[in-house]
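Q: Could you take me on a close look at how the chains of this complex meet one another? I am new to this, so please go step by step.

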Amino acid sequence: MSEVLELADTGAVNVAKPAPSFLFRLGGVLVALSLVLMVMGPWITPYDPNRPTFEISEPPPALTEIPGLLWKVITGAPHDPIHWFGTDSSGLDVFSRVVAAPRTDVAIAVGANVVSLILGSLLGLLAGFARPWVAGTVMRISDLIQAFPVFITGMILVTLAGRSNMTIVLTLAFLYTPIYVRLTRAEVLSQRNRGFVDAARVLGKPEGFIALRHVLPNALAPSLIQASVTIGFAILMTAGLSFVGAGVRPPTPEWGLMIAASANELIQGEWWSSLFPGLAISLTVFGYAAFGNGVERIYDR
Amino acid sequence: MLNFIARRLVVAMFQLVGLVIVVFFAIRMLPADPVARLVGMNSTPEAYRMSQQALGLDKPVLEQLRNYIVGVAKGDFGRSWVSGAPVMEDIRNVLPVTIELITISFILAFLVSVPLGMLCALRPGGVADTATFTYSLFAGSQPEFWWGLLFIYIFFAMLGWAPPPLGRLDPMSTPPASVTGLITVDSLLAGNIAAFRDGAHHLMLPVATKVFVLSGPIIKMVRQNMVRVLGADYVLYARASGLPPWRVALIALKNALVPALTLLGVLYGYILGGAVLIETVFSLGGIGQYAVRSVLAFDYPAIQAVVLVIAAISLFVYLALDVIHAWIDPRLAS
Amino acid sequence: MTDSAPVLDVRGLTVDYGGRPAVEDFALTIAPGEIVGLTGDSGSGKSTLAFALLGLTRGPGRIKGGSVVLEGTDLLALDEPSRRERRGRDIGLIVQNPRGALSPLHRVGQQIGAAYRSHQAVTGAQAAAHAVDMLRSLGLNDPERRASAYPHEISGGMAQRVLIAMALGSGPRLLVADEPTSGLDVTIQAQFLDEMWRTVRKVGSSALLMTQDLGIIANYCDRVVVLQNGRQVEDAPTRSFYAAPRDSYSRSILALRKEEALADATPSRLLEIEGLRKIFPLRGSNKHVQAVDDVSFSIGRGETVGLVGESGSGKTTVGRCILRLVEPDAGEITFGGASVTSASPAALRRLRRKLQVVFQDPFDSLDPRWTVTDILAEAIDGKSDKARIAELLRLVGLRPDVADAKPRALSAGSQQRVNIARAIAVEPELIVLDEPTSALTPLARIAIIRLLRDIQARLGVSYLFISHDLNTVEHMSHRVAVMYLGQIVELGTREQVFRSPVHPYSKALLGAHLVADPSRRRVDRTDIQTLSGEIPSPIDLPRGCYLASRCPVALPLCRDQPQPLVPAPDGRLVRCTPAIASLKQVMH
């Protein structure tokens with residue numbers, strides 16, 4: 001008898017975790033940077049992002065000058081005003097505005113996703129667990145929202161509701177909630193018939209307890225993975241809306257607005273006031289996408 | 001099958017009606033005041049009331065809705081408060097521009113991305129695969145309006161290869177007779193090679209930007225599907241049965257591309273409304289740019305019509321793709 | 001057979017999988033016409049070996065060394081095109097999960113034809129005709145219609161026949177079969193293995209049959225090879241293997257063949273079921289599935305009643321009705337005198353402490369995000385009573401360090417022990433065991449059966465043991481009920497049902513049961529009563545006896561009149577008028 005028990009493994013086994021890939025780490029760094037700037041950005045700008053300086057349309061320092069300038073800054077030696085990213089046609093320091101913008105761009109994106117994730121997963125739980133007519137109604141409304149053309153609806157809602165940061169957050173939350181509803185519901189439907197759910201019923205646990213303590217935590221994973229990617233999309237959308245004039249109001253520092261304001265000067269050769277905000281968007285959204293991809297890979301193991 | 005199509009059409013109709021009603025109410029319930037925008041902030045109360053009457057906004061909302069629906073049933077979608085022309089006429093002018101841009105971009109993006117995605121799947125984890133995957137992740141997360149501007153700066157301002165971003169054709173030239181509204185098609189139909197080249201020249205940068213951004217998700221999706229299929233049991237078993245490599249490849253291809261179909265339709269429908277930014281940057285004058293103008297001007301009839309048209313096209317594309325998918329994949333027919 | 005050169009001669013075969021060796025230094029010879037059985041636990045490397053014999057590996061696998069000499073040529077030394085030529089033509093393969101091995105977008109006849117055309121120069125039409133012929137020779141009626149079906153439209157048994165048609169189409173000298181009948185019903189399994197055996201013998205080819213089921217090996221194979229952790233640990237003729245296994249692993253998997261006495265049960269009636277009925281409506285039509293029809297039996301204190309049957313028998317639904325995870329449509333269930341079917345929510349919650357369950361899939365039954373302590377604490381009402389949890393773990397034979405582990409870190413056998421611990425934590429009087437060992441390896445299965453008997457002896461708990469595996473039912477049950485299409489067709493003591501079944505279905509079921517004893521091989525017996533055809537769909541049930549269309553002793557009255565469950569002279573219940581009549585005749 002003991003021989004049989006020995007051969008049948010009765011202990012715990014170590015499960016190894018895979019090593020994170022380079023993309024995941026790079027994404028993590030960029031995401032962390034964006035969040036840090038979101039919180040601290042406006043405090044660390046060398047110039048006031050909204051006050052014009054005396055230097056108009058000044059290009060950024062040449063690459064060869066940078067080490068010298070850095071040295072002067074570090075040693076505290078006196079120097080002319082340095083604009084690392086140059087200034088735009090109104091004299092505003094581009095670097096300060098680029099660094100101050102996440103307070104708007106990233107905060108809106110994160111805020112909208114937090115709202116839509118919470119709302120979407122609760123509604124998805126409802127749609128997967130509740131009676132058919134309740135579930136049906138939730139899904140029909142969710143489908144209806146998804147049938148709207150995303151960007152145009154965003155424009156409509158934001159412009160007509162007054163173009164404040166709050167309306168942008170609410171609009172994006174409204175447009176993104178169906179994504180989370182769909183993801184959560186699909187997961188809830190597959191979790192709902194699992195053995196541990198029936199086992200909890202047989203133990204006498206009430207349905208509500210089972211839904212919240214057993215089903216929902218197991219159904220959240222796809223939504224959490226999706227969140228990183230959707231935050232990236234929200235940043236793109238905020239910038240895009242602001243670019244066409246249907247988003248954030250000037251003079252708030254916002255990457256899309258900065259590009260729109262300097263678009264005409266681009267052809268005349270003033271490339272820095274459009275390049276750096278665009279680069280910021282490019283790297284930040286890429287960071288969120290890479291990070292989300294990395295999280296997905298870890299979850300799939 | 002016909003049953004399936006009929007049912008889906010009915011659902012789509014309901015969705016469209018629902019959409020129009022929702023948009024109708026939503027824009028009237030939001031705090032924006034189109035009347036004030038038209039007559040200005042310092043207008044007299046009489047001027048305000050006259051303008052309000054002219055726009056039909058003095059009546060109760062439900063009555064407005066009834067009038068609107070009655071009009072739509074007769075084919076009258078109202079007149080734009082900006083151009084004064086019937087909205088549908090405006091849209092008939094601008095929609096083909098967007099369709100041309102989107103369709104050409106889509107086809108090119110496909111031709112480039114599908115082979116790339118499939119090649120990557122043959123050696124997953126290899127150097128080429130990691131590089132291409134990183135590229136696809138990058139491309140799919142880019143702000144296209146910024147890239148459009150960059151392309152203009154590089155290829156027009158610096159290199160002079162592209163024309164100035166002022167529209168679809170050289171402002172000096174005469175456009176070909178409008179049959180479909182698509183410059184490329186119309187100029188070919190008219191035999192006007194010069195116009196064709198001009199149109200294509202102007203489309204070069206917008207299409208390149210669109211293809212760049214689209215290639216990201218398409219490569220990613222094709223690669224993912226292909227990797228899944230290549231690792232599937234039935235591919236291994238086909239090899240174990242001694243099937244020649246080309247037969248195995250055909251089996252794998254069919255299984256990989258079929259589920260990709262619906263996703264593609266979703267993408268197409270999505271970017272119809274997403275062409276706004278590219279059109280704005282390159283001043284192409286498509287429905288996206290028209291939408292921007294209408295929204296910023298609080299032009300309600302135009303806004304309603306734009307949403308309706310784009311949603312209708314998207315729903316139609318989804319339906320067509322679902323039908324094709326159900327036709328090809330026997331698992332969906334049962 | 002004049003040539004004595006082996007069909008297959010494998011030496012030193014080593015295959016890596018993801019960096020670790022899956023098969024190490026494997027050697028095997030198979031003579032012409034020989035059927036060799038290969039057995040081993042999951043993780044022993046059987047599947048990897050099966051594909052490696054064709055020179056193929058799955059994903060991260062790599063063949064590191066060795067030779068696979070098939071009819072004189074080393075497959076591993078050839079170039080890929082030459083290897084491909086031989087696959088399917090000289091060596092055929094059938095695998096577990098046959099539907100997964102078929103492309104979902106192509107018709108099965110087309111796939112059989114494609115395999116045929118890869119080795120024979122024939123046109124498309126000829127290949128299609130060949131596919132139909134192969135299906136007909138494998139016992140399928142209406143083969144033209146079957147050939148035009150898609151994989152998701154056919155049953156597992158049919159799909160496996162499709163694979164055989166693909167593998168044997170060009171008459172290979174060697175057939176490799178990797179767990180070909182896992183997931184198939186008992187009677188279908190017997191049917192399929194009989195056909196495979198007949199076809200192989202008729203053509204004169206050899207076969208390598210890989211399976212965990214020792215019954216299959218005893219009944220069909222001439223030799224036995226045991227694989228453990230990728231290494232071969234035994235190679236012996238079947239009879240000597242079963243009589244005296246040399247390796248300790250082999251000995252332990254053969255351990256559960258001896259009869260063991262069961263604990264005594266009291267004659268009281270703890271659970272009573274009367275006239276239970278359950279119908280499931282079908283979405284999108286007004287047809288319905290008759291899952292359970294007029295089921296009545298009782299379970300005493302400390303007693304185990306086994307419920308056996310194949311797919312569609314309704315045995316799982318009976319269990320779920322007792323637990324009220326599903327609401328019965330008619331009938332009465334009483335437990336300890338109190339009604340279960342008409343209990344109020346409060347009464348039901350109290351009853352639930354006395355009625356517990358263990359399901360088939362051990363991992364699926366545990367919340368993957370909770371630790372073992374959380375899971376057991378939930379059962380003992382939320383209090384994290386460390387002492388009680390430690391005692392429960394000890395009772396089910398788990399080490400104390402398991403308490404902080406999450407389900408993913410445990411083996412399937414250990415996970416099932418946690419499920420059992422949770423079930424006994426509330427001190428129930430009856431546990432419904434729904435296929436508790438079907439998802440486990442033979443070794444783990446034996447351990448869990450021993451554990452369940454041990455718990456019954458110590459705690460006096462009753463069991464309803466639902467299973468399709470007759471071996472385990474025989475070892476666990478005092479009494480046995482045989483179910484077919486929602487009805488109980490025979491109910492008697494273990495000895496009555498297993499030694500001398502009376503109902504034609506019970507006879508066929510027990511006849512199809514492959515006993516792990518090479519002296520009583522199925523292929524040698526001539527008295528086997530088989531049922532023709534397949535199990536009918538539970539949607540359109542016939543008027544009279546449900547078995548009538550397949551039954552070898554059916555009378556005209558069987559087709560017209562529904563058969564009642566009636567006591568036989570020896571005390572058991574049987575639902576078959578002709579069977580009872582002949583029993584009475586014998587008695588007189």
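A: Let's start with a word you will need later: the bounds of a domain, as used here, come from an automatic or database domain assignment. Please also keep in mind that this is a predicted model. For the complex, the predictor gives an ipTM of 0.86 and a pTM of 0.85.

Let's begin with the place where chain B meets chain A. Here 37 residues of chain B are in contact with 36 residues of chain A. Which elements of chain B give two or more residues to the side that touches chain A? They are helix H1 (2-29), helix H6 (127-139), helix H7 (144-158), helix H11 (245-274), helix H12 (276-282), helix H13 (287-296) and helix H14 (300-328) of chain B. The largest share of this side of chain B, seven residues, comes from H14(B). If you sort the residues on the side of chain B that touches chain A by kind, you get 27 nonpolar, 10 polar and no charged.

Now let's get to know these two partners, beginning with chain A. Chain A has 13 helices and zero strands, so its pattern along the sequence reads α-α-α-α-α-α-α-α-α-α-α-α-α, and it is more spread out than a compact globule because its radius of gyration is 25 Å, well over the 19 Å that the globule rule gives for 301 residues. Along the principal axes, the C-alpha atoms of chain A fill a box of roughly 85 × 55 × 30 Å. Of the 301 residues in chain A, 50% count as buried.

Buried residues make up 40% of the 334 residues in chain B. Of the contacts in chain B with a separation of 6 or more, 70% are between residues 24 or more positions apart.

Next, turn to the place where chain C meets chain B. In this case, 27 residues of chain C are in contact with 19 residues of chain B. On the side of chain C that touches chain B, the elements that give two or more residues are helix H2 (80-86) and helix H3 (108-117) of chain C. The residues on this side of chain C divide into 13 nonpolar, nine polar and five charged.

Finally, let's look inside chain C. Its average pLDDT is 87, and 97% of its residues score at least 70. The domain assignment of chain C gives domain 1 (8-255) and domain 2 (269-354 + 426-502). The centres of domain 1 and domain 2 of chain C, taken over C-alpha atoms, are separated by 36 Å. Their contact takes nine residues from domain 1 of chain C and seven residues from domain 2 of chain C. On the domain 1 side, helix H7 (186-203) and helix H10 (248-253) of chain C are the elements that give two or more residues. The residues on that side of domain 1 of chain C divide into three nonpolar, four polar and two charged.

Conventions
Residues numbered from 1 in each chain as written. Chains lettered and ligands numbered in written order. Predicted model: local features only at pLDDT ≥ 70, side-chain atom pairs only at ≥ 80, totals over all residues. Contact = placed C-beta atoms within 7 Å. Helix = DSSP H or I, 4+ residues; strand = E, 2+ residues; numbered from the N terminus. Nonpolar A, V, L, I, M, F, W, Y, C, P; charged D, E, K, R; others polar. Rg over C-alpha atoms; globule rule 2.2 N^0.38 Å. Buried ≥ 20, exposed ≤ 12 C-beta atoms within 10 Å, placed from the backbone. pLDDT = per-residue confidence, 0-100.
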